Amino acid sequence: MTGPLDGGGHDEGQEEVGGVPRIPAPRRAADNLEALPASEAAPAAPPALPHKVLQSLLGAWALSACSAEETAAVEEHLTECAPCAEEALRLRDAVGLLHHERDLDLDPLLRSRVLENCLGRRPARIPVPDWAGPYDAETARLDALLRDIGDAEWHAPVRLKWFERDRSVSRRTTVAGVISHLQAVDSLVATAIGLDDSPSPATPADRTEAYWQGAHHPPTRSVRGPWRDQAHTLIRTVSFAGRGVAEMSVSYGDFSLPLRDALLDRAFECWVHADDIAAAVDYPYEPPSGAHLHDMIDLAARLLPAALAARRREGLAAPARRLVTAGAPGRTLHLEVEGAGGGDWYIALDSPAAVATPDHKVAQVALDGVEFCQLVAGHVAPEEAAAGQDGDREAVRDVLFAAASLSRL
């Protein structure tokens with residue numbers, strides 16, 4: 001009867017000790033050389049080590065991590081000890097299953113289960129802040145996608161889309177160009193926390209253009225490493241920085257966000273552009289987890305009153321109908337987001353300083369969570385958003401256009 005470790009039989013000439021195949025020692029370069037003079041060829045005898053010590057070295061031996069003397073002692077022992085020889089076979093087979101790269105077809109919950117088990121046994125001394133979790137997760141998911149694509153796919157065309165004033169615009173680039181764009185805009189956060197002091201344009205669009213124009217050659221897969229390293233450094237830095245760092249201001253040129261919101265904004269853009277890349281290389285890609293998607297929707301909802309006021313100043317939205325003092329309740333739109341990450345948000349219509357309340361609701365919009373995010377990303381035109389609408393149509397239109405205006409290159 002054959003055992004599970006011997007593959008159904010033995011190689012011809014393989015010796016057995018106690019019914020267990022003897023493991024041949026790995027060939028060394030010296031085996032191929034001509035015999036040395038007797039004075040030089042006599043090898044030193046392996047050190048005599050106790051059985052327990054040799055048994056404890058089996059794992060290191062299987063990983064080729066033993067010293068030359070330890071290797072000789074272990075291999076000598078395996079010719080005499082059947083239990084250790086059997087264990088060595090199992091360990092060597094296990095080593096063959098270890099890989100540095102992992103396929104995206106693995107169970108998507110595997111990573112979280114492993115982390116949960118590890119942290120349950122030994123909690124992280126420096127945990128990632130909750131508000132940085134979405135950025136950590138989305139950069140990890142995008143990195144897994146990039147690791148799984150071929151060299152040629154880095155040059156696949158990608159069309160970046162966003163919304164300006166009352167129309168959709170786009171810019172053509174490649175998968176590698178998208179990663180360069182993400183790195184360029186992420187560096188705004190790096191600058192704010194003191195990781196990057198190089199003089200660069202202040203707005204995301206200008207910084208991206210400068211990055212693209214400064215490249216001597218079209219970007220290739222070599223951009224993955226710097227982008228990934230910068231993301232890891234950002235996460236590590238905010239994790240060690242403590243509580244106060246969350247409210248640090250991050251400048252985007254014409255507006256600023258607290259660091260906690262800036263990293264959430266970067267997580268949102270990372271997901272949106274990862275989806276762009278996945279579509280370009282014909283690869284499936286799922287939305288963020290419900291909790292992270294909820295945080296992204298919440299950020300967009302909080303920015304809507306200011307975006308609506310900015311469009312009103314440019315003559316792109318209807319004038320305010322009822323001005324109220326700061327902190328007083330005013331006209332309100334009820335934004336109902338359905339699906340994973342959904343919820344209810346109330347948007348002040350006439351002034352960012354007004355308080356939005358259900359009692360002052362004049363309109364309601366219902367959207368799927370992912371569709372709302374696509375609108376905010378500029379990937380869906382406001383007129384095409386399949387929204388359930390009720391109440392003041394003008395208010396609904398203005399809010400949908402304000403949502404699309406949050407997008408940018």
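Strands here are DSSP runs of E with at least two residues, and helices are runs of H or I with at least four residues, both numbered from the N terminus. Please keep in mind that this is a predicted model, in which local features need pLDDT of at least 70, side-chain atom pairs count only at pLDDT 80 or more, and totals for chains, interfaces and linings use all residues. Residues are numbered from 1 along each chain as its sequence is written, and side-chain values use heavy atoms, with hydrogens and water left out.

Glu 336 touches Gly 343, Asp 344, Gln 364, Val 365, Ala 366 and Leu 367, if residues up to four places away in sequence are not counted. Such a contact means heavy atoms within 4.5 Å. With Gln 364, the side chain of Glu 336 makes a side-chain to side-chain polar contact at 2.8 Å. A polar contact is a pair of N or O atoms within 3.5 Å; within protein, one must be able to donate a hydrogen and the other to accept it, and residues adjacent in sequence count only if both atoms are side-chain atoms.

## The chain as a whole

Stepping back, the chain has 14 helices and ten strands. Of its 409 residues, 40% count as buried. Among contacts with a separation of 6 or more, 70% come from residues 24 or more positions apart.

## Helix 7 meets helix 10

How do helix 7 (residues 133–147) and helix 10 (residues 224–241) cross, and at what angle? Their axes come within 11 Å and cross at roughly 160°. Axes are lines fitted to C-alpha atoms, for helices over the stretch in contact, and angles run from 0 to 180 degrees between N-to-C directions. Helix 7 and helix 10 are therefore roughly antiparallel; the label needs an angle over 145 degrees, while under 35 is roughly parallel, 65 to 115 roughly perpendicular and the rest oblique.

On the helix 7 side, the residues in contact include Tyr 135, Leu 142 and Leu 146, and on the helix 10 side they include Trp 227, Ala 231 and Leu 234. The residues of this contact divide into seven nonpolar, one polar and five charged. Here Ala, Val, Leu, Ile, Met, Phe, Trp, Tyr, Cys and Pro count as nonpolar, Asp, Glu, Lys and Arg as charged, and the others, Gly among them, as polar.

Ser 239 also belongs to helix 10. At 14% relative accessibility, Ser 239 counts as buried, and its side chain reaches the backbone oxygen of Ile 235 at 2.7 Å. Beyond its neighbours within four places in sequence, Ser 239 is in contact with Ile 126, Pro 127, Val 128 and Pro 129.

## Helix 8 and Gln 183

Helix 8 packs with helix 9 (residues 204–214) at an angle of about 125°, the axes being 9 Å apart. That makes helix 8 oblique to helix 9. Among the residues making the contact are Ser 180, Gln 183 and Leu 188 of helix 8 and Arg 207 and Tyr 211 of helix 9. By class, this contact has six nonpolar, seven polar and one charged residues.

Gln 183 lies in helix 8, residues 175–192, and counts as buried at 12% relative accessibility. Leaving out residues up to four places away in sequence, Gln 183 touches Tyr 211, Val 223, Pro 226, Trp 227 and Gln 230.

## Helix 13, an enclosed helix

Why is helix 13 (residues 369–376) described as largely enclosed by the rest of the structure? Six of its eight residues are buried, so the rest of the structure largely encloses it. The buried residues are Gly 369, Phe 372, Cys 373, Gln 374, Leu 375 and Val 376. They pack against helix 11 (259–280), helix 12 (290–313), strand 7, strand 9 (355–368) and helix 14 (393–405).

At the start of helix 13, a side-chain oxygen of Asp 368 reaches to within 3.1 Å of the backbone nitrogen of Val 370. Just after helix 13, Gly 378 takes a positive phi of about 80°.

Definitions and conventions: Buried < 20%, exposed > 50% of the residue type's maximum accessible area, 1.4 Å probe, protein only.
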